[in-house]
Amino acid sequence: QVQLGESGGGLVQAGDSLTLSCTASGRTKGGYAIGWFRQALGLEREFVAAISWNGDSSYYGDSVKGRFTISRDNVENTVYLQMNDLKPEDTAVYYCAAAQRVHGPNAYTQLNPYDYWGQGTQVTVSS
């Protein structure tokens, strides 16, 4: 079992930056791909960004490309999501998720490869 904990959410103004962290604990040996998803009130969960287990590959949703950066520190078992130029439409609960096996780039953007999910952290961007 892998446990995931998100932190770093909060209330910011449009144009501000925020960094979310996702820390893994438990049976993390072997490495997991990590994805960030978000869910705004009344909407479906949306892919934000993902990174391969070794950090060699990263993927972004169209709405965050150029503004968000995902990175990981495997020594600390932590994945970061640096969010710049935040917009009110970025307001959502942000979840990180871990996947042991992901087959192909497109799979990183889907919900089903991810085996474990965190509880989420709220990000609110005021205009």
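I looked first for disulfides, taking any pair of cysteine sulfur atoms within 2.5 Å, and the structure holds one. I note that this is a predicted model, in which local features need pLDDT of at least 70 and side-chain atom pairs count only at pLDDT 80 or more, whereas totals for chains, interfaces and linings use all residues. Residues are numbered from 1 along each chain as its sequence is written, and side-chain values use heavy atoms, with hydrogens and water left out.

I then looked up the partners: cysteine 22 and cysteine 96 form the disulfide, with their sulfur atoms 2.1 Å apart. Cysteine 22 lies in strand S3 and cysteine 96 in strand S9 (residues 92-99), so the pair ties together parts that are 74 residues apart in sequence; strands here are DSSP runs of E, at least two residues long, numbered from the N terminus. The torsion about the S-S bond of cysteine 22 and cysteine 96 is about 70 degrees, so I recorded the disulfide as right-handed. Both cysteine 22 and cysteine 96 are buried, that is, under 20% relative accessible area with a 1.4 Å probe and protein chains only.

Of its 16 lining residues, Thr28, Tyr32, Arg72, Asn74 and Asn77 are the closest to its centre.

How values were computed
1 Å grid on protein atoms, 1.4 Å probe; cavity = no way out; pocket = protein on both sides within 12 Å on 5 of 7 lines; lining within 4 Å. Helix = DSSP H or I, 4+ residues; strand = E, 2+ residues; numbered from the N terminus. Buried < 20%, exposed > 50% of the residue type's maximum accessible area, 1.4 Å probe, protein only.
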